[in-house]
Amino acid sequence: MEITITPASPDQLKKKPSDESQLGFGDIFTDHLFMVNYASGKGWFDPRIVPYGDIHLDPAAMGLHYGQEIFEGLKAYRGKDNGIYLFRAGDNCARLNRSAKRLCMPEVAIDLFMEGMKKLILMDKEWVPRTEGTSLYIRPTMLATEPHLGVRPSRTYIFYIIIGPVGAYYKEGLNPVKIYVEDHYIRAAVGGTGDAKTAGNYAASLLATELAMKKGFTQVLWLDAAEKKYVEEVGTMNMFFVIGDEIITAPLNGSILPGITRDSVLHILKDWGLAVSERSLTIDEVIAAAESGSLKEAFGTGTAAVISPVGQITFKGKDYVVAGGKMGDLSLRLYDEITALQYAGKPDPYGWVERIGE
Ligand code: COI
(Lines give C-alpha, C1' and ligand atoms only; values in the text may rest on other atoms or scores of the structure.)
Protein backbone atom coordinates (compact mmCIF):
# COMPACT_ATOMS: atom_id res chain seq x y z
CA MET A 1 0.00 0.00 0.00
CA GLU A 2 1.44 3.33 -1.05
CA ILE A 3 1.55 5.94 1.73
CA THR A 4 0.56 9.34 0.38
CA ILE A 5 2.35 12.30 1.87
CA THR A 6 0.99 15.80 2.33
CA PRO A 7 3.77 17.92 3.86
CA ALA A 8 2.85 20.69 6.26
CA SER A 9 2.91 24.14 4.67
CA PRO A 10 5.44 26.63 6.11
CA ASP A 11 2.74 28.28 8.24
CA GLN A 12 1.73 24.87 9.67
CA LEU A 13 5.26 24.07 10.90
CA LYS A 14 5.58 24.29 14.65
CA LYS A 15 8.27 25.76 16.83
CA LYS A 16 10.60 23.10 18.21
CA PRO A 17 11.34 23.15 21.94
CA SER A 18 14.18 25.59 22.61
CA ASP A 19 15.51 23.80 25.72
CA GLU A 20 15.48 20.01 25.46
CA SER A 21 16.59 19.68 29.08
CA GLN A 22 13.18 21.04 30.09
CA LEU A 23 11.13 18.49 28.11
CA GLY A 24 8.42 16.83 30.14
CA PHE A 25 6.19 14.06 28.85
CA GLY A 26 3.37 14.12 26.35
CA ASP A 27 2.68 17.79 25.63
CA ILE A 28 4.57 18.42 22.41
CA PHE A 29 3.80 16.84 19.04
CA THR A 30 5.64 17.10 15.75
CA ASP A 31 4.55 18.56 12.39
CA HIS A 32 2.91 15.44 10.94
CA LEU A 33 0.93 12.32 11.81
CA PHE A 34 0.36 9.00 10.09
CA MET A 35 -3.22 7.81 9.58
CA VAL A 36 -5.01 4.94 7.88
CA ASN A 37 -8.71 4.00 7.76
CA TYR A 38 -10.45 0.65 8.07
CA ALA A 39 -13.86 -0.55 6.98
CA SER A 40 -15.09 -4.12 7.40
CA GLY A 41 -15.21 -5.88 4.05
CA LYS A 42 -12.59 -3.50 2.71
CA GLY A 43 -9.71 -3.68 5.17
CA TRP A 44 -7.19 -0.90 5.77
CA PHE A 45 -7.11 1.84 3.14
CA ASP A 46 -5.77 5.31 2.38
CA PRO A 47 -2.55 5.30 4.43
CA ARG A 48 -1.27 8.86 4.59
CA ILE A 49 1.06 11.25 6.33
CA VAL A 50 -0.58 14.61 6.84
CA PRO A 51 0.08 17.79 8.83
CA TYR A 52 -0.56 17.27 12.55
CA GLY A 53 -4.03 18.53 13.41
CA ASP A 54 -7.49 17.77 14.71
CA ILE A 55 -9.20 14.61 13.54
CA HIS A 56 -12.82 14.64 12.43
CA LEU A 57 -15.10 12.29 14.38
CA ASP A 58 -18.85 11.82 14.37
CA PRO A 59 -20.19 12.51 17.91
CA ALA A 60 -21.72 9.02 17.77
CA ALA A 61 -18.34 7.37 16.97
CA MET A 62 -18.51 4.08 18.85
CA GLY A 63 -15.04 4.37 20.33
CA LEU A 64 -16.16 7.42 22.28
CA HIS A 65 -19.13 5.58 23.78
CA TYR A 66 -18.06 2.02 24.36
CA GLY A 67 -14.32 2.30 24.70
CA GLN A 68 -13.03 0.48 21.64
CA GLU A 69 -9.64 2.19 21.81
CA ILE A 70 -6.19 0.65 21.98
CA PHE A 71 -2.76 2.19 21.89
CA GLU A 72 0.96 1.55 22.16
CA GLY A 73 3.92 3.43 23.54
CA LEU A 74 7.44 3.18 22.17
CA LYS A 75 10.34 5.50 21.53
CA ALA A 76 12.91 6.48 18.92
CA TYR A 77 16.35 7.30 20.29
CA ARG A 78 19.10 9.54 18.93
CA GLY A 79 22.43 7.73 19.11
CA LYS A 80 25.81 9.39 19.60
CA ASP A 81 26.46 8.72 15.89
CA ASN A 82 23.39 10.89 15.12
CA GLY A 83 21.50 7.75 14.04
CA ILE A 84 17.84 7.26 14.91
CA TYR A 85 17.10 3.93 16.58
CA LEU A 86 13.97 1.96 17.40
CA PHE A 87 13.86 -0.55 20.25
CA ARG A 88 11.77 -3.74 19.91
CA ALA A 89 9.19 -1.97 17.73
CA GLY A 90 7.95 -5.28 16.31
CA ASP A 91 6.97 -6.32 19.83
CA ASN A 92 4.82 -3.21 20.15
CA CYS A 93 3.06 -4.12 16.91
CA ALA A 94 2.47 -7.67 18.18
CA ARG A 95 1.05 -6.35 21.45
CA LEU A 96 -1.19 -3.89 19.59
CA ASN A 97 -2.62 -6.79 17.66
CA ARG A 98 -3.20 -8.82 20.84
CA SER A 99 -5.03 -5.81 22.29
CA ALA A 100 -7.01 -5.54 19.03
CA LYS A 101 -8.18 -9.15 19.34
CA ARG A 102 -9.31 -8.62 22.93
CA LEU A 103 -11.29 -5.49 22.01
CA CYS A 104 -12.79 -6.99 18.79
CA MET A 105 -10.82 -4.54 16.64
CA PRO A 106 -8.96 -5.22 13.38
CA GLU A 107 -5.28 -6.13 13.39
CA VAL A 108 -2.70 -3.97 11.65
CA ALA A 109 -0.15 -5.71 9.42
CA ILE A 110 3.37 -5.28 10.73
CA ASP A 111 4.55 -3.87 7.40
CA LEU A 112 1.95 -1.11 7.49
CA PHE A 113 2.69 -0.35 11.15
CA MET A 114 6.44 -0.21 10.56
CA GLU A 115 6.39 1.65 7.28
CA GLY A 116 3.94 4.30 8.49
CA MET A 117 5.91 4.79 11.70
CA LYS A 118 9.36 4.93 10.12
CA LYS A 119 8.27 7.28 7.32
CA LEU A 120 6.66 9.60 9.86
CA ILE A 121 9.72 9.63 12.13
CA LEU A 122 12.08 10.29 9.24
CA MET A 123 9.87 13.05 7.91
CA ASP A 124 9.98 14.74 11.33
CA LYS A 125 13.52 13.57 12.16
CA GLU A 126 14.67 17.01 13.30
CA TRP A 127 12.27 16.54 16.22
CA VAL A 128 14.19 13.53 17.59
CA PRO A 129 15.94 15.23 20.50
CA ARG A 130 19.67 15.02 21.15
CA THR A 131 19.99 15.79 24.85
CA GLU A 132 20.78 12.93 27.23
CA GLY A 133 17.67 11.40 28.78
CA THR A 134 15.39 12.58 25.97
CA SER A 135 13.77 10.63 23.14
CA LEU A 136 10.94 10.75 20.64
CA TYR A 137 7.82 9.15 22.10
CA ILE A 138 5.64 7.28 19.60
CA ARG A 139 1.94 6.75 20.26
CA PRO A 140 0.19 4.38 17.83
CA THR A 141 -3.58 4.58 18.48
CA MET A 142 -6.66 2.80 17.13
CA LEU A 143 -10.20 4.05 17.61
CA ALA A 144 -13.65 2.83 16.55
CA THR A 145 -15.32 5.47 14.36
CA GLU A 146 -18.65 4.07 13.18
CA PRO A 147 -21.52 6.37 14.18
CA HIS A 148 -23.83 3.93 15.97
CA LEU A 149 -25.13 3.57 19.50
CA GLY A 150 -25.95 -0.13 19.71
CA VAL A 151 -23.38 -2.08 21.72
CA ARG A 152 -21.39 -4.18 19.26
CA PRO A 153 -18.00 -3.89 17.59
CA SER A 154 -17.68 -0.96 15.21
CA ARG A 155 -17.36 -1.63 11.49
CA THR A 156 -14.98 1.28 10.88
CA TYR A 157 -11.75 2.39 12.56
CA ILE A 158 -8.88 4.78 12.29
CA PHE A 159 -5.33 3.88 13.18
CA TYR A 160 -2.94 6.76 13.61
CA ILE A 161 0.53 7.46 14.96
CA ILE A 162 1.54 10.68 16.66
CA ILE A 163 5.05 11.42 17.86
CA GLY A 164 6.70 14.02 20.08
CA PRO A 165 9.93 14.73 21.95
CA VAL A 166 9.92 13.77 25.64
CA GLY A 167 12.09 13.86 28.72
CA ALA A 168 11.44 11.97 31.96
CA TYR A 169 7.91 10.65 32.55
CA TYR A 170 7.86 11.39 36.26
CA LYS A 171 8.91 14.78 37.56
CA GLU A 172 11.19 12.83 39.93
CA GLY A 173 13.30 11.71 36.92
CA LEU A 174 15.61 9.03 38.27
CA ASN A 175 14.89 9.96 41.87
CA PRO A 176 12.90 7.35 43.75
CA VAL A 177 9.10 7.59 43.68
CA LYS A 178 6.70 6.99 46.55
CA ILE A 179 4.00 4.44 45.91
CA TYR A 180 0.75 3.84 47.72
CA VAL A 181 -0.51 0.27 47.93
CA GLU A 182 -4.16 0.49 46.90
CA ASP A 183 -6.31 -1.89 48.93
CA HIS A 184 -9.77 -0.57 48.05
CA TYR A 185 -9.99 0.19 44.33
CA ILE A 186 -8.83 -2.28 41.69
CA ARG A 187 -7.39 -1.77 38.21
CA ALA A 188 -8.24 -5.03 36.45
CA ALA A 189 -9.36 -8.57 37.12
CA VAL A 190 -8.23 -11.81 35.50
CA GLY A 191 -10.51 -12.37 32.51
CA GLY A 192 -10.94 -8.63 31.99
CA THR A 193 -8.86 -6.33 29.81
CA GLY A 194 -5.91 -5.70 32.15
CA ASP A 195 -3.41 -7.27 29.76
CA ALA A 196 -4.63 -5.22 26.78
CA LYS A 197 -3.35 -1.69 26.25
CA THR A 198 -6.74 -0.02 26.16
CA ALA A 199 -8.00 3.34 27.40
CA GLY A 200 -10.45 1.84 29.90
CA ASN A 201 -7.67 0.39 32.07
CA TYR A 202 -6.19 3.84 32.47
CA ALA A 203 -9.58 5.44 33.13
CA ALA A 204 -10.17 2.83 35.84
CA SER A 205 -6.91 3.83 37.50
CA LEU A 206 -7.49 7.57 37.69
CA LEU A 207 -9.52 8.00 40.88
CA ALA A 208 -7.24 5.95 43.12
CA THR A 209 -4.18 7.62 41.59
CA GLU A 210 -5.64 11.11 42.11
CA LEU A 211 -6.40 10.33 45.75
CA ALA A 212 -2.90 8.94 46.27
CA MET A 213 -1.30 11.94 44.55
CA LYS A 214 -3.17 14.31 46.87
CA LYS A 215 -1.41 12.51 49.72
CA GLY A 216 1.99 13.03 48.08
CA PHE A 217 2.42 9.72 46.26
CA THR A 218 3.52 9.37 42.65
CA GLN A 219 1.58 6.23 41.78
CA VAL A 220 -0.47 3.42 43.27
CA LEU A 221 0.60 -0.20 43.40
CA TRP A 222 -2.36 -2.35 42.39
CA LEU A 223 -3.25 -5.57 44.15
CA ASP A 224 -5.08 -8.47 42.50
CA ALA A 225 -8.83 -7.94 42.21
CA ALA A 226 -9.99 -11.26 43.67
CA GLU A 227 -8.16 -11.34 46.99
CA LYS A 228 -6.34 -7.97 47.21
CA LYS A 229 -3.38 -10.01 48.32
CA TYR A 230 -0.92 -10.20 45.43
CA VAL A 231 1.06 -7.27 43.98
CA GLU A 232 0.34 -6.62 40.31
CA GLU A 233 1.61 -3.47 38.57
CA VAL A 234 1.72 0.28 38.95
CA GLY A 235 -0.47 1.16 35.95
CA THR A 236 2.22 3.04 34.07
CA MET A 237 4.86 0.43 34.93
CA ASN A 238 5.44 -3.21 35.80
CA MET A 239 7.06 -3.79 39.18
CA PHE A 240 10.12 -5.69 40.37
CA PHE A 241 11.08 -6.39 44.00
CA VAL A 242 14.52 -7.53 45.16
CA ILE A 243 14.07 -9.69 48.25
CA GLY A 244 17.28 -11.20 49.51
CA ASP A 245 18.94 -12.55 46.37
CA GLU A 246 15.72 -13.09 44.46
CA ILE A 247 14.34 -10.57 41.95
CA ILE A 248 10.60 -11.01 41.65
CA THR A 249 7.99 -9.70 39.24
CA ALA A 250 4.34 -10.67 38.94
CA PRO A 251 3.55 -13.35 36.34
CA LEU A 252 1.55 -12.50 33.21
CA ASN A 253 -1.67 -14.01 34.50
CA GLY A 254 -4.01 -11.90 32.38
CA SER A 255 -4.60 -8.85 34.55
CA ILE A 256 -1.28 -7.02 34.11
CA LEU A 257 0.23 -5.46 31.03
CA PRO A 258 2.94 -7.56 29.33
CA GLY A 259 5.50 -4.77 29.39
CA ILE A 260 8.26 -4.79 26.79
CA THR A 261 10.70 -3.14 29.20
CA ARG A 262 9.65 -5.79 31.75
CA ASP A 263 10.58 -8.48 29.24
CA SER A 264 13.89 -6.78 28.40
CA VAL A 265 14.76 -6.57 32.10
CA LEU A 266 13.98 -10.27 32.56
CA HIS A 267 16.32 -11.18 29.68
CA ILE A 268 19.11 -8.95 30.96
CA LEU A 269 18.86 -10.17 34.57
CA LYS A 270 18.97 -13.78 33.42
CA ASP A 271 22.02 -13.02 31.27
CA TRP A 272 23.68 -11.47 34.28
CA GLY A 273 23.18 -14.80 36.06
CA LEU A 274 20.86 -13.36 38.69
CA ALA A 275 17.98 -15.24 40.29
CA VAL A 276 14.80 -13.91 38.66
CA SER A 277 11.31 -15.21 39.34
CA GLU A 278 8.04 -14.48 37.63
CA ARG A 279 5.83 -15.52 40.48
CA SER A 280 2.90 -14.47 42.60
CA LEU A 281 4.12 -12.24 45.39
CA THR A 282 1.90 -11.20 48.27
CA ILE A 283 1.95 -7.70 49.64
CA ASP A 284 2.48 -9.35 53.05
CA GLU A 285 5.75 -10.88 51.80
CA VAL A 286 6.88 -7.48 50.52
CA ILE A 287 6.03 -5.79 53.83
CA ALA A 288 7.65 -8.56 55.90
CA ALA A 289 10.79 -8.18 53.76
CA ALA A 290 10.72 -4.41 54.24
CA GLU A 291 10.42 -4.90 58.01
CA SER A 292 13.20 -7.47 58.21
CA GLY A 293 15.53 -5.51 55.95
CA SER A 294 15.59 -8.12 53.18
CA LEU A 295 13.70 -5.89 50.70
CA LYS A 296 16.79 -4.47 49.05
CA GLU A 297 15.22 -2.62 46.13
CA ALA A 298 11.96 -2.07 44.30
CA PHE A 299 11.66 -0.54 40.86
CA GLY A 300 9.18 -0.06 38.07
CA THR A 301 9.78 -0.68 34.37
CA GLY A 302 8.04 0.95 31.42
CA THR A 303 8.71 2.52 28.05
CA ALA A 304 7.88 5.99 29.29
CA ALA A 305 9.40 5.56 32.74
CA VAL A 306 12.37 3.29 31.72
CA ILE A 307 13.54 2.14 35.19
CA SER A 308 11.96 4.03 38.05
CA PRO A 309 13.26 3.28 41.54
CA VAL A 310 10.81 3.13 44.43
CA GLY A 311 12.00 4.85 47.60
CA GLN A 312 8.91 4.36 49.73
CA ILE A 313 5.98 1.96 49.87
CA THR A 314 2.98 2.86 51.99
CA PHE A 315 0.52 0.15 53.02
CA LYS A 316 -2.38 0.48 55.43
CA GLY A 317 -1.13 3.82 56.70
CA LYS A 318 2.44 2.69 57.37
CA ASP A 319 5.46 3.94 55.41
CA TYR A 320 8.28 1.60 54.48
CA VAL A 321 11.48 3.14 53.17
CA VAL A 322 13.12 1.10 50.41
CA ALA A 323 16.89 1.13 49.65
CA GLY A 324 17.34 4.04 52.06
CA GLY A 325 15.07 6.13 49.82
CA LYS A 326 17.78 6.14 47.13
CA MET A 327 18.16 4.53 43.72
CA GLY A 328 19.52 1.02 44.34
CA ASP A 329 22.60 -0.41 42.62
CA LEU A 330 20.65 -2.94 40.57
CA SER A 331 18.11 -0.31 39.40
CA LEU A 332 20.95 1.94 38.29
CA ARG A 333 22.84 -0.88 36.58
CA LEU A 334 19.67 -1.86 34.70
CA TYR A 335 18.92 1.72 33.74
CA ASP A 336 22.46 2.10 32.37
CA GLU A 337 22.26 -1.19 30.46
CA ILE A 338 18.84 -0.61 28.91
CA THR A 339 19.55 2.97 27.91
CA ALA A 340 22.97 1.94 26.49
CA LEU A 341 21.15 -0.56 24.27
CA GLN A 342 18.35 1.84 23.32
CA TYR A 343 20.73 4.65 22.36
CA ALA A 344 22.99 2.18 20.54
CA GLY A 345 25.81 2.96 22.95
CA LYS A 346 26.87 -0.69 23.07
CA PRO A 347 26.56 -3.79 20.88
CA ASP A 348 23.07 -5.33 20.97
CA PRO A 349 23.26 -9.10 21.51
CA TYR A 350 19.47 -9.47 21.44
CA GLY A 351 18.54 -8.06 18.01
CA TRP A 352 16.30 -5.47 19.71
CA VAL A 353 17.71 -2.31 18.16
CA GLU A 354 17.10 -1.07 14.61
CA ARG A 355 18.75 1.93 12.99
CA ILE A 356 16.20 3.60 10.75
CA GLY A 357 18.15 6.63 9.50
CA GLU A 358 19.76 9.77 10.83
C1 COI B 1 4.41 3.77 28.13
O2 COI B 1 5.22 3.48 29.00
O3 COI B 1 4.72 4.04 26.98
C4 COI B 1 3.00 3.83 28.44
O5 COI B 1 2.21 3.69 27.55
C6 COI B 1 2.61 4.07 29.84
C7 COI B 1 1.91 5.37 30.07
C8 COI B 1 2.58 6.59 29.57
C9 COI B 1 0.47 5.32 29.76
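Me: Is Arg130 buried, partly exposed or exposed, and what is its relative accessible area?

Reply: The model is predicted, and the values are computed from it. Buried means under 20% relative accessible area, exposed means over 50%, and partly exposed is in between. Arg130 has a relative accessible area of 44%, so it is partly exposed.

Me: Where is Arg130, and which residues is it in contact with, leaving aside neighbours within four places in sequence?

Reply: Arg130 is in the loop between H3 and S7. With those neighbours left aside, it is in contact with Glu20, Arg78 and Asn82. For Asn82 there is also a polar contact of 3.1 Å between its side chain and that of Arg130.

Me: How far apart in sequence and in space are Arg130 and Gly259?

Reply: Arg130 and Gly259 are 129 residues apart in sequence. From C-alpha to C-alpha, the distance between Arg130 and Gly259 is 26 Å.

Me: Thr134 is in that loop too. Is Thr134 buried or exposed?

Reply: The place of Thr134 is the loop between helix H3 (110-123) and S7. Its relative accessibility is 4%, so Thr134 counts as buried. Not counting residues up to four places away in sequence, Thr134 touches Glu20, Leu23, Pro129, Val166, Gly167 and Tyr343.

Me: Which residues of H2 are buried, and what do they pack against?

Reply: The buried residues of H2 are Ala89, Asn92, Cys93, Arg95, Leu96, Asn97, Ser99 and Ala100. They pack against strands S4 (69-71), S5 (74-78), S6 (84-87) and S8, and against helices H3 and H5 (260-271).

Me: Which residues of H7 are buried?

Reply: Among them are Leu330, Leu334, Tyr335, Ile338 and Leu341. Glu337 is also one of the buried residues of H7.

Me: What is the phi of the residue named after each helix?

Reply: H2 is followed by Cys104, with a positive phi near 55 degrees. H7 is followed by Ala344, whose phi is also positive and near 55 degrees.

Me: What does Thr209 touch inside its surroundings, and where does it lie?

Reply: Thr209 lies in helix H4, residues 199-214. At 11% relative accessibility, it counts as buried. Residues up to four places away in sequence aside, Thr209 touches Thr218, Gln219, Val220 and Trp222.

Me: How many salt bridges does a search of the whole structure find?

Reply: Side chains of opposite charge can pair when their charged atoms come close. The search finds 21 salt bridges. One of them joins the side chains of Asp245 and Lys296, at 3.2 Å from N to O. This pair links distant parts of the chain: Asp245 is in the loop between S11 (238-243) and S12 (246-249), Lys296 is in strand S14, and they are 51 residues apart.

Me: Which salt bridge has a buried Arg262 as partner?

Reply: The side chain of Arg262 meets that of Glu278 in a salt bridge of 2.8 Å, N to O. Glu278 lies in strand S13 and Arg262 in helix H5, so the pair ties together parts that are 16 residues apart in sequence. Arg262 has 2% relative accessibility and therefore counts as buried, whereas Glu278, at 40%, counts as partly exposed.

Me: What is the salt-bridge partner of Glu337?

Reply: The partner is Lys346, with the closest N and O atoms 3.0 Å apart. Glu337 counts as buried at 15% relative accessibility, while Lys346 is partly exposed at 34%. Elsewhere, salt bridges that share partners join Asp81, Arg355 and Glu358 into one network.

Me: Which residues make the nonpolar surface patch of about 330 Å²?

Reply: Tyr66, Leu149 and Val151 make it. Leu149 lies in the loop between S7 (135-144) and S8 (156-166). Its relative accessibility is 51%, so Leu149 counts as exposed.

Methods: Residues numbered from 1 in each chain as written. Predicted model: local features only at pLDDT ≥ 70, side-chain atom pairs only at ≥ 80, totals over all residues. Heavy atoms only, no water. Patch = residues over 30% accessible without salt bridge, like charges linked within 9 Å, V, L, I, M, F, W, Y side chains within 5 Å. Areas by Shrake-Rupley, 256 points an atom, 1.4 Å probe, with all protein chains shown as cover. Salt bridge = Lys/Arg side-chain N within 4 Å of Asp/Glu carboxyl O. Helix = DSSP H or I, 4+ residues; strand = E, 2+ residues; numbered from the N terminus. Buried < 20%, exposed > 50% of the residue type's maximum accessible area, 1.4 Å probe, protein only. Contact = heavy atoms within 4.5 Å. Polar contact = N/O pair within 3.5 Å; in protein donor to acceptor, adjacent residues only side chain to side chain.
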